[in-house]
Amino acid sequence: MIIAIEGIDGSGKTTQAFLASKDFKAIQLKFPDYRTMPQIREFLEGRIHLHPKSLFLMYLADICQGISNIDHEHNLIILDRYIYSTVAYARSLDRNVAMRIIEDIAPPVPDAVFWIDVGINNAMERKVRHKEPDRNEKDMDLLNEVRSVYEIMYSKNFYAKQWIRIDGNRNIQQVYNEMKPILESIIKGKR
Ligand code: ADP
């Protein structure tokens with residue numbers, strides 16, 4: 001079973017993925033994992049320039065490689081970002097084309113996507129508190145755009161059995177308290 005956790009930078013994905021993986025004994029994967037495509041990190045740190053089309057394909061390659069050796073038939077896999085981030089962050093690309101490419105390449109379809117939706121100011125505040133933000137994390141226009149692409153994917157129920165929107169503007173435990181019973185019922189096949 002595959003569960004994806006999505007949302008803008010600072011929405012709390014890594015935090016919630018960690019809590020859920022611990023409770024449900026899941027395998028936690030984080031994308032990008034940079035092993036297949038180390039250039040992505042160089043781009044995010046502002047050291048190289050990449051054309052939006054090649055960046056999109058690198059993110060996608062990183063995911064396809066990372067997920068390829070995972071036995072999701074017999075394990076619960078929790079993904080901290082997946083192809084939805086690849087579409088959402090594909091700035092200056094036609095997002096409909098990006099979605100079609102994903103459908104054509106056909107990576108594994110998650111059983112559910114938890115979209116942790118937070119306000120941009122809230123997310124940015126959390127990020128700068130702990131580290132120097134990367135290229136994307138300090139770009140408010142991009143974060144606004146990314147959030148609106150999540151909204152579109154959510155309304156289309158894009159490329160997943162179900163999308164669940166979680167209000168992430170609350171404290172860590174409150175967010176997890178909402179997610180946990182939903183996740184439990186998905187795992188039991190009741191939702
Ligand atoms: P993401 O993976 O979406 O970028 P993180 O889980 O890394 O977000 O969280 C970013 C920062 O915000 C971390 O320092 C984390 O401890 C903090 N954080 C996460 N969730 C919340 C929350 N609900 N309220 C306040 N701070 C949070």
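Two strands are taken to pair if DSSP finds at least two bridges between them, and helices (H or I, at least four residues) and strands (E, at least two) are DSSP runs numbered from the N terminus. The model is predicted: local features need pLDDT of at least 70 and side-chain atom pairs count only at pLDDT 80 or more, whereas totals for chains, interfaces and linings use all residues. Residue numbers start from 1 along each chain as its sequence is written.

Strand S4 (residues 112-117) pairs in the parallel sense with strand S1 (residues 2-6) over 4 bridges, with phenylalanine 114 of S4 as the bridge partner of isoleucine 5. S4 also pairs with strand S5 (residues 163-167), in the parallel sense and over 5 bridges; here tryptophan 115 stands opposite arginine 165 in S5.

The ligand is surrounded by 16 residues (C-beta atom, placed from the backbone, within 6 Å), of which Gly12, Lys13, Thr14, Thr15 and Arg126 are the closest. Two or more residues of this shell are given by each of helix H1 (13-24), helix H6 (120-130) and helix H8 (172-187).

The buried residues of H8 (20 or more other C-beta atoms, placed from the backbone, within 10 Å of their own) are Val175, Met179 and Leu183. An α-helix has 3.6 residues a turn, so residues three or four places apart point the same way. Just after H8, glycine 189 adopts a positive phi of about 75°.

Methods:
Buried ≥ 20, exposed ≤ 12 C-beta atoms within 10 Å, placed from the backbone.
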